[in-house]
Structures are given as C-alpha cells and as structure tokens.
Amino acid sequence: MKAIRRFTVRPVLPEPLRPLSELARNLRWSWHAETRDLFQSVDPERWASSGGDPVRLLGSVPPARLAELAGDRRFLRRLTAVADDLRDYVGGERWYQAQPESRPAAIAYFSPEFGITAALPQYSGGLGILAGDHLKAASDLGVPLIGVGLLYRHGYFRQSLSREGWQQEHYPVLDPNELPVSQLREADGSPARISLALPGSTALHARIWRAEVGRIPLLLLDSDVEENDLGERAVTDRLYGGGSEHRLLQEMLLGIGGVRAVRTYCRLTGHPEPEVFHTNEGHAGFLGLERIAELAEEGLDFDAALEAVRAGTVFTTHTPVPAGIDRFDRALVARHFGPDAELPRIDVERILQLGLETYPGGEPNLFNMAVMGLRLAQRANGVSLLHGRVSREMFSGLWPGFDPDEVPITSVTNGVHAPTWVAPEVFRLGARQIGAQRAEDALTVGGSDRWDSVADIPDEDIWALRGELRARLVEEVRRRLWASWRQRGAGTAELGWIDGVLDPDVLTIGFARRVPSYKRLTLMLRDRDRLMDLLLHPERPIQIVVAGKAHPADDGGKRLIQELVRFADDPRVRHRIVFLPDYGMAMAQKLYQGCDVWLNNPLRPLEACGTSGMKAALNGCLNLSVLDGWWDEWYQPDFGWAIPTADGVGYDTEHRDDIEAAALYDLLEQRVAPRFYERGRAGLPDRWIEMVRRTLTLLGPKVLAGRMVREYVDRLYTPAAHAHRAMDAQAARDLAAWKARVRSAWHEVSVDHVETSAPPAERTGALPAATAELGSTLGLRVRVSLGSLSPDDVEVQAVSGRVDEEDRITDATAVPLKPTGEAGPDGHWVYEGPLGLDRTGPYGYTVRVLPAHRLLASPAELGLVTVPAQEAGEGAGVLLR
C-alpha cells in the first residue's frame with residue numbers, strides 16, 4: 001500500500017548529544033575530516049549505509065546506541081572539541097576580517113545550482129560544483145557571502161544503464177525535511193514566503209530553505225507549496241528540466257524571487273544588506289530587474305536605477321558557445337512582465353531592450369539571458385584567460401567600434417576547494433611536513449606561489465601514497481561496477497570476472513565529466529585496435545575509468561555513452577576499461593584521488609575552464625589534456641602533457657578527431673606509459689615521482705578556490721562595492737543624464753586632422769623618412785570637433801603598437817592627449833601629446849575619442865568611439881614600415 005502522506009520523524013537526542021544536531025546541520029562536515037570521523041564513530045555501518053550523511057545517520061541510530069554514547073566520556077570529549085571548533089570557525093576572524101574596512105559588507109551570490117555535498121543533490125555538473133566550491137572557499141576566508149539558488153524536488157537525475165548500455169534516468173523525490181536544510185521563519189514562527197505575479201492575476205509562491213555552508217547562508221527557493229496550483233508547484237521540480245516557459249519561470253524565481261529572499265533573510269536575521277550582487281551565469285540575470293524595481297519605488301527613474309544597479313553587479317559567464325546560453329522568444333518574456341504580471345511599474349519595452357540581441361549577427365526577436373546579464377553588470381568576467389578571450393570575441397557586438405581585446409570582460413580563472421577534494425592521506429602527508437594548521441591554511445587561504453615543503457617528502461612516501469589511493473580506487477570501481485551490472489540485469493553467477501577488474505599496480509587514467517559532444521567522450525575509441533594494444537600491452541598496460549552523464553534530452557550524448565559502454569563490455573578488455581554510471585560528487589572524489597593521469601580532450605576552445613583536472617592535480621595526479629581552459633594557461637611539461645590540436649586548420653570534424661586521437665595514442669604509448677613504468681636504482685619511477693612533486697609544488701597553489709575567491713574580492717567585489725557606494729541617487733541621476741546627453745551628441749564628434757613632428761634623426765636626414773629609432777619620441781597634434789560636448793566629456797587618446805600586414809595595430813598601448821587651450825573660432829579643439837617609440841619593427845598609430853566620466857568602469861562602457869577618417873592626417877594609422 002502507498003502512504004497518503006509523508007512526514008519525517010526526527011530522533012530525540014539526549015541532552016549531552018545535542019551538539020550533534022548543530023554539527024549535522026552545518027555542511028562544514030562535508031569538508032572537515034574531524035567532524036566526519038566523529039559521525040562515523042557513532043555507528044560505522046549506519047554511516048556507510050547513509051552515504052556519509054549525518055542527518056540520515058542520526059535518523060537511523062537506535063535510542064540504545066544514543067544512550068550509550070551519552071554516557072561515553074571519551075566520545076563526549078571529542079564531541080565538545082569538534083563543536084567548539086565549529087563555533088570558533090563560524091564566529092572567529094579569518095582572512096577577510098583582516099582586510100581593509102572598505103571591503104563589501106556583504107555579497108549576494110546567485111547560481112541555478114550548488115554542488116556542496118552529495119547529501120544535498122542540487123547540482124548537475126561543473127557550474128554547480130564551482131558554485132559550491134566558491135561558497136566553501138568564501139566561508140574558509142570569512143568572506144560575507146549569501147548564496148541564493150533553487151531547491152529542486154528531484155534534483156538532477158540518477159543514471160543507470162540498460163543491458164544494451166543505453167542511459168536511463170531516474171528522478172528520486174527529495175523531502176526537504178530529510179535534507180540538511182531548515183525553513184526560514186518569520187518572528188511569529190510562520191514560514192517565510194516570497195511571491196511573484198504571473199499573467200492572469202495568478203501568483204507563484206515559494207518558501208525559503210536555508211542551508212549553512214560553514215559561515216555562509218545558502219537560501220534555496222521551493223515552489224512546492226500548497227498555495228500554488230499544480231503547474232506552479234512544479235516550477236522547482238527538476239534542474240534544467242521542462243520547456244521554455246518552465247525555464248523562464250525558474251529563472252524569474254531565481255533572480256527576482258532570490259532578491260526578495262535575500263531582503264527577507266536580512267530583515268529577519270540582521271545580516272548586512274549586500275552591496276554587491278554576483279550573477280553566476282545568465283540564469284539569475286533577472287535579479288537586476290528586481291533591484292531596478294526596488295529603486296523605482298524609492299523615486300528613481302529607470303535610467304538612473306539602471307546605473308545604480310550596474311555599479312554593484314558582477315556577471316560571470318561560463319559558456320564559450322552561444323548554444324549554451326538560455327534564449328527566450330520576446331513575446332514569451334513580454335507576457336510575463338508589465339501591468340498584468342511581474343514588475344508592473346517598469347515599461348516592458350525597457351525590459352526587453354536589456355536582453356534582445358540588437359547587434360550585428362544577433363537575432364533581434366530573441367531575449368538572451370547572458371546579454372541581459374552583461375547589460376545589467378558594470379563588471380564581467382570569464383573563467384580562464386582563454387575563456388576571457390573567447391568571451392570578448394563572442395560578445396563583442398555589444399561594444400561596436402572596439403577591438404575584442406578592449407571589450408570589458410576580464411577573467412578570473414576558476415579554482416577548486418582543496419579540503420573537499422584532497423584525500424585525507426594527502427593532507428596528512430603535508431601536515432607531517434609543516435604541521436596541521438599550516439597545511440590547512442595552505443589549502444584554504446593560499447597566497448603562496450609555491451609549496452616548497454613538498455620537496456622534503458621522500459620519494460618512497462609519495463609513491464606509497466599514490467599506490468594506496470590507486471588500490472582504494474580499484475576497490476571502489478569493482479563495487480560500483482558490480483552494482484551497475486546487477487542493475488543491468490546480470491545474475492550473481494555472471495559477475496565473477498569483476499573481481500579481476502583493474503590492477504592496483506597498473507597505470508590508471510581517469511575521464512569523468514558531462515557528455516556533450518564537444519567533450520569527445522569517445523575520442524579514445526577512434527582507433528580501437530590501437531587502444532586495445534595500449535590496454536593489453538604486456539609490459540606497460542594502461543587501464544581507464546570513465547564516468548559521465550548525458551542530458552536527458554541529448555540522444556547524441558547517450559549514443560556516445562552506449563558506444564563506450566559496448567567497447568568496455570568486450571570480454572577482451574573489460575578488466576582494463578570500465579564505465580561507471582551515476583557520476584556525482586561521491587564518485588568524483590574517489591576518481592580524482594586514485595587516478596595517475598587525468599584525461600581531457602575537448603574541442604578547443606570550447607572548454608571554459610574544466611576544473612576536474614585541478615582536483616586530480618591536488619592529489620598528485622598528472623594531467624593529459626588539450627590546451628584548453630585552465631590547462632592552456634598553466635600547462636608546463638613538469639605537470640603533465642599537452643595533446644596537440646588541429647584547431648585553426650580547415651579540417652572537417654572527422655579528420656580533426658583522427659589527428660588528435662592519433663596524437664593522444666602517441667603520447668600514451670611513447671611518453672606517458674614509459675615514464676610510469678621506468679624504474680630507477682631504488683626501484684621507484686623517479687621521473688614520474690618528480691612530475692608528481694612538481695605538480696604539487698607549482699600547480700597546487702594556483703588551482704585553489706581560495707586563490708580564486710581572493711581574486712574576486714580584490715578585482716571585482718571591492719571595486720563594485722566602491723562603485724555602489726559612490727552611486728547614490730543623485731550620482732545615478734547625473735550619470736544617466738550624462739550618458740543620454742553624450743549618446744545624443746556623439747554624431748557631432750569627429751577627428752578632423754592629425755599631424756606629427758618628426759623625431760630628430762628623421763629631420764636631419766640620417767634615416768629614411770619611414771623609419772625612426774627605438775626610444776625616440778614623436779609629437780602628436782590632433783584637431784577634433786566635439787559639437788555640443790566639452791573636453792570634460794571625452795578623452796582623446798593616441799593608440800600605438802606593432803602593425804600586421806593589413807595595418808591592424810596589435811598589442812596596443814593607449815596614451816591620453818591633452819587639450820592645448822580653449823576651442824578655436826571654428827569650434828575645434830586641439831590636443832597634443834608625445835608618442836614614445838618603445839618597440840622595433842613595423843609600427844603604427846591612430847587616435848580616437850572616447851566618452852569619459854569618473855563613474856565609468858571602462859572607457860568602452862557606452863560602446864561609443866570615434867576614429868579619424870582616412871584623409872584626416874599623415875597616413876593616420878601606419879607610421880613606420
């Protein structure tokens with residue numbers, strides 16, 4: 001029989017054990033080894049069967065065992081120590097508290113998914129894991145973040161395989177009362193609620209759940225409440241599920257509802273109001289509209305409110321391809337805003353103009369969430385240096401007239417939360433060298449360029465550690481593979497071969513990630529005979545562990561999984577290559593720790609960052625990757641190997657895959673496997689161990705989420721907070737009025753004449769007319785028309801640098817020129833300044849006029865620039881050949 005109602009019966013803990021509840025409810029346990037060890041000691045078997053989830057554990061421990069622990073003085077001493085440590089961690093001063101007082105009082109961080117722990121399955125892949133690591137690192141550093149997301153009743157799907165190797169999806173129902181979250185409540189004890197207006201005089205209601213991520217509150221909105229109709233209750237059913245309207249409602253709830261949830265949380269708890277709002281990908285972009293509406297209630301008009309909102313907003317883009325961005329039909333968006341729906345006081349056309357692709361190459365009837373995110377944020381970034389360049393190219397249409405290099409999108413390379421992903425054995429090895437506290441600080445706060453103490457760890461200790469982690473992975477793989485085959489319908493008698501799957505002494509390669517086509521799950525299968533030779537080599541075999549999920553609607557990705565599964569099912573190689581279904585955080589931790597090599601072979605440059613290789617590197621695993629994402633930025637031969645790519649060549653996809661697969665096989669056969677199996681005089685693989693040592697010493701400090709969050713604080717959050725404080729109501733009105741005036745008058749601005757005074761060597765005839773000596777200086781004199789604008793409204797610049805064959809300036813340097821006095825009788829202004837020749841070779845210059853205002857974050861902010869007409873000066877452009 002099926003229950004007509006479900007509820008959770010919570011255990012009553014004896015008074016001495018009450019701190020266990022506090023420890024279970026704060027997700028710091030997910031990265032704090034001492035807390036996990038304490039819970040494991042409560043009941044080791046139940047801890048294992050609960051999946052390492054303290055809330056589930058405490059709900060299953062018999063009262064007799066709880067009574068026993070309540071009288072166990074040794075256990076109570078441990079409990080007191082761990083509980084005191086948590087209170088000190090949450091309330092004590094950390095890195096951020098030692099920074100200047102000008103730092104933001106609070107930052108709101110919005111993301112559609114958060115990967116904190118497998119016990120709170122609200123993530124699908126890299127975006128969510130990155131968001132989880134961001135919150136954890138902020139907690140370790142003491143950064144006052146408030147996380148904002150949605151609570152999905154089915155989370156992301158669980159994956160299994162059919163007998164034929166086809167991906168099958170299962171959506172478990174999650175009961176929030178059984179998760180490590182609690183409801184946010186009003187002062188009278190009633191659940192806190194937020195609401196959104198929907199077309200047709202209906203509403204979408206949501207309650208607010210709160211998860212404690214160390215010091216960081218994470219607010220999760222849940223629409224499965226009785227006040228909603230069935231359709232509205234289903235808005236937070238699945239992560240990335242449903243059609244366009246379903247996704248639009250999710251993103252309105254996340255952005256607009258999320259701001260309302262933050263306001264509610266701050267009102268109820270006294271938490272400082274955020275000065276900075278960080279939009280992690282475009283899904284949460286509507287948060288800017290809600291903040292504009294708030295300011296409109298205070299009397300600001302739309303343009304002034306827009307400037308105030310932009311000043312304190314940071315936008316991070318994570319996709320290098322337009323297809324990865326949510327785009328909605330303009331009519332659908334228009335229907336959900338305006339007098340009969342949400343944000344009734346804002347003109348719908350103003351809302352639409354923020355997201356429509358009204359630029360060359362765009363589709364004007366599509367509302368683009370990333371475009372809105374960029375237009376609503378004064379500061380934006382990609383997630384690696386290469387991705388920053390790709391993003392500037394991809395979104396350059398929003399800043400016409402500027403080279404992609406000048407598009408105001410910077411980059412902060414992602415990092416990973418070391419305490420979450422580093423094996424306890426690795427941490428203990430470091431603690432043995434420098435002490436537990438210094439090792440913890442090195443992994444959380446970071447700040448050093450090198451971990452030189454790794455040099456003092458003996459080779460035999462490093463190799464023993466790698467062997468221990470590899471052996472543990474082999475056990476984990478066999479356990480999961482057995483469960484997978486049972487799910488596929490195999491009987492126990494058929495599965496004896498699994499006891500021989502993988503070998504703890506064989507070079508082990510990991511490949512685990514989502515399965516869109518660009519990540520090329522099956523590149524390793526391009527030449528199956530050659531792969532078999534590598535797997536079965538008599539002296540230098542390799543073994544491969546593969547995992548990953550395809551999106552439920554992506555049949556192409558499912559076919560890739562099936563192709564790999566069928567190869568791995570072949571009795572000739574199934575002891576050397578395995579596919580593990582249901583890839584998630586719990587599995588990932590074992591893979592990163594136990595593999596010797598981490599493989600990544602996307603189509604370059606389609607990997608924005610790709611942090612899985614970072615997590616592996618922190619455990620002494622070497623990377624074998626295409627030069628994409630973070631690997632393009634930090635690769636050195638000391639750390640691993642770069643797979644040569646055929647990008648930029650006019651090959652079709654098939655030919656390109658053949659070339660790059662052949663390069664992969666060559667590396668494995670000629671360089672990777674020989675180095676792993678080569679032994680020195682002490683019987684150890686000396687050169688391999690040295691690569692592990694160099695990976696930990698030089699790469700370890702770079703890949704930390706602590707480094708990443710500190711960069712966000714220094715380069716984005718703090719400048720945004722300062723801009724927010726400077727943008728009071730009057731400043732916002734003044735800036736909006738100035739922008740309107742400049743835009744309307746910009747057609748009057750022109751560069752009318754450019755002339756130079758030649759360097760001395762040229763005047764004396766010592767050198768040909770089209771040459772000059774390094775270190776000499778030219779004098780520039782420029783005549784410009786500003787129309788109704790004044791020199792206070794603009795900056796006139798000389799832009800110079802090397803030129804290519806088509807006279808395009810590369811690696812440009814911009815130098816401001818100064819007005820020489822008042823405007824002439826014809827209304828022209830004259831600007832002058834020196835131009836230093838600091839580089840040899842073909843050299844050129846031009847001049848340009850840009851809007852200038854003290855509250856602009858970038859000269860390109862308005863997308864306005866004026867350059868000379870070809871006849872305006874002495875070959876204005878190329879100077880020297």
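Which loop holds G71? G71 is found in the loop between α5 (63-70) and α6 (73-91), where helices (H or I, at least four residues) and strands (E, at least two) are DSSP runs, numbered from the N terminus. The model you are looking at is predicted, so local features need pLDDT of at least 70 and side-chain atom pairs count only at pLDDT 80 or more, while totals for chains, interfaces and linings use all residues. Residues are numbered from 1 along each chain as its sequence is written, and side-chain values use heavy atoms, with hydrogens and water left out.

**Domains**

- The protein is divided into domain 1 (15-91), domain 2 (95-415 + 713-726), domain 3 (439-702) and domain 4 (748-759 + 774-851); these bounds come from an automatic or database domain assignment.
- The centres of domain 2 and domain 3, taken over C-alpha atoms, are separated by 33 Å.
- In domain 2, 41 residues are in contact with 45 residues of domain 3, where contact means heavy atoms within 4.5 Å.

- G71 counts as exposed, because its relative accessibility is 60%; buried means under 20% relative accessible area, exposed over 50% and partly exposed in between (1.4 Å probe, protein chains only).
- S139 lies in helix α7 (residues 126-141), and it counts as buried because its relative accessibility is 0%.
- Leaving aside neighbours within four places in sequence, S139 is in contact with W31, Y89, R94, V213, G214, R215 and I216.
- W209 is found in strand β7 (residues 202-213) and is buried, with a relative accessible area of 2%.
- Leaving aside neighbours within four places in sequence, W209 is in contact with several residues, including L151, P176, V181, L218 and D222.
- W209 and K558 are 349 residues apart in sequence, and their C-alpha atoms are 34 Å apart in space.

**Strands and how they pair**

- Strand β3 (residues 158-161) and strand β4 (residues 167-170) pair in the antiparallel sense over four bridges; two strands pair if DSSP finds at least two bridges between them.
- β3 and β4 form a hairpin with five residues between them, and G165 in the turn has a positive phi of about 85 degrees.
- For L161, the bridge partner in β4 is Q167.
- Strand β16 (residues 542-547) and β17 run parallel and are joined by four bridges, with A547 opposite L580 in β17.
- Strand β17 (residues 577-580) is covered on both faces: I577 and F579 on one side and V578 and L580 on the other are all buried.
- An open sheet of four strands has the order β21-β22-β26-β25, with antiparallel pairing.
- In that sheet, β21 (750-757) and β25 (818-819) stand at the edges, each with a single partner strand, so one side of each has no neighbour in the sheet.
- Seven bridges pair β21 with strand β22 (residues 777-785) in the antiparallel sense, and H753 has R783 as its bridge partner in β22.

**Aromatic rings**

- The structure holds 19 aromatic pairs: rings of Phe, Tyr and Trp (its six-membered ring) pair if their centres lie within 6.5 Å, and planes under 30 degrees apart count as stacked, over 60 as edge-to-face and the rest as tilted.
- W630 and W631 form an edge-to-face pair, at 5.2 Å centre to centre and with 70 degrees between the planes; both residues are buried.
- W463, W641, F676, Y677 and W688 are linked into a cluster by ring pairs.
- K549 lies over the face of F157, at 5.0 Å from the ring centre; a charge sits over a ring if NZ of Lys or CZ of Arg is within 6 Å of the ring centre and within 35 degrees of the ring normal.
- R574 lies over the face of W497, at 4.0 Å from the ring centre.

**Cysteines**

- A disulfide is a covalent bond between the sulfur atoms of two cysteines.
- The structure holds zero disulfides, counted as pairs of cysteine sulfur atoms within 2.5 Å.
- C621 is in no disulfide, and the nearest cysteine sulfur, that of C595, is 5.8 Å away.
- C621 is buried, with a relative accessible area of 0%.
- C266 is buried too, with a relative accessible area of 5%.
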